[in-house]
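Morning, everyone. Please look at the model on the screen while I talk you through a sheet and some charged pairs.

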Amino acid sequence: MKVFAIALIAILVVGGQLIEAEQLVRAGRECDRQDRVNSPACLGERGRVFWAMAQWARDSTPRGSVFLTPKEAAFFASAQRTTVNQLVSLQVDPAEWVASLRSRGVTHIAVAPLGANISQLIARAERNCSQLLMQKEFPYLSAILKLRTEAEPGDGGASCRLLERRLDAIERAVDPSHR
């Protein structure tokens, strides 16, 4: 009887995994790879926001732009812009964060709806928000920010407000939906 019960459990577990794998394969076939941003079968909602950010960067920023981003290879593939992984920026003293970004040639920051150590990145960006300019907002309190040059005027606090809302949402562990 025990052997039968164990075999039945194993069949159910393997069967459930096969069903899940079949669903993933079906979803992959339904993905319109020519339009990942608008094809729900390709990516989750946050992934589609990330692709939309990269496409906006490709279409709206100078070719020489350098982006700090959580998924540098994926962002580079779509944006066709040089990228630096955001984790690199977390290895420096917080007081030297902006100077470190500038020394690496970073011109823009992709505040994306995914990635590792996002709360640390947002906290550093929020502390330095007067040095940032809002370029484009996206859902999930995501945005493309530009490192402000000394000659550029501020953005009226738009970057600071977005980063403050994002940090607050992270700290409250709430799903930050764009309003």
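First, a term: buried means under 20% relative accessible area, exposed means over 50%, and partly exposed is in between, with a 1.4 Å probe and protein chains only. This is a predicted model, where local features need pLDDT of at least 70, side-chain atom pairs count only at pLDDT 80 or more, and totals for chains, interfaces and linings use all residues. Residues are numbered from 1 along each chain as its sequence is written, and side-chain values use heavy atoms, leaving out hydrogens and water.

Now the charges. A salt bridge here is a side-chain nitrogen of Lys or Arg within 4 Å of a carboxyl oxygen of Asp or Glu. How many salt bridges does that rule give? The count is 3.

Take Lys-146 and Glu-152. Their closest N and O atoms are 2.9 Å apart. Lys-146 is buried, at 18% relative accessibility. Glu-152 is partly exposed, at 22%.

Next, Arg-58 and Asp-59. Here the closest N and O atoms are 3.1 Å apart. Asp-59 is exposed, at 56%, while Arg-58 is partly exposed, at 29%.

Then Glu-137 pairs with Arg-165, at 3.5 Å between the closest N and O atoms. Glu-137 sits in strand β4 and Arg-165 in helix α7, so this pair ties together parts 28 residues apart in sequence. Helices (H or I, at least four residues) and strands (E, at least two) are DSSP runs, numbered from the N terminus.

Last, the sheet. It is open, with 5 strands in the order β2-β1-β3-β5-β4 and mixed pairing. Two strands pair if DSSP finds at least two bridges between them. The edge strands are β2 and β4.
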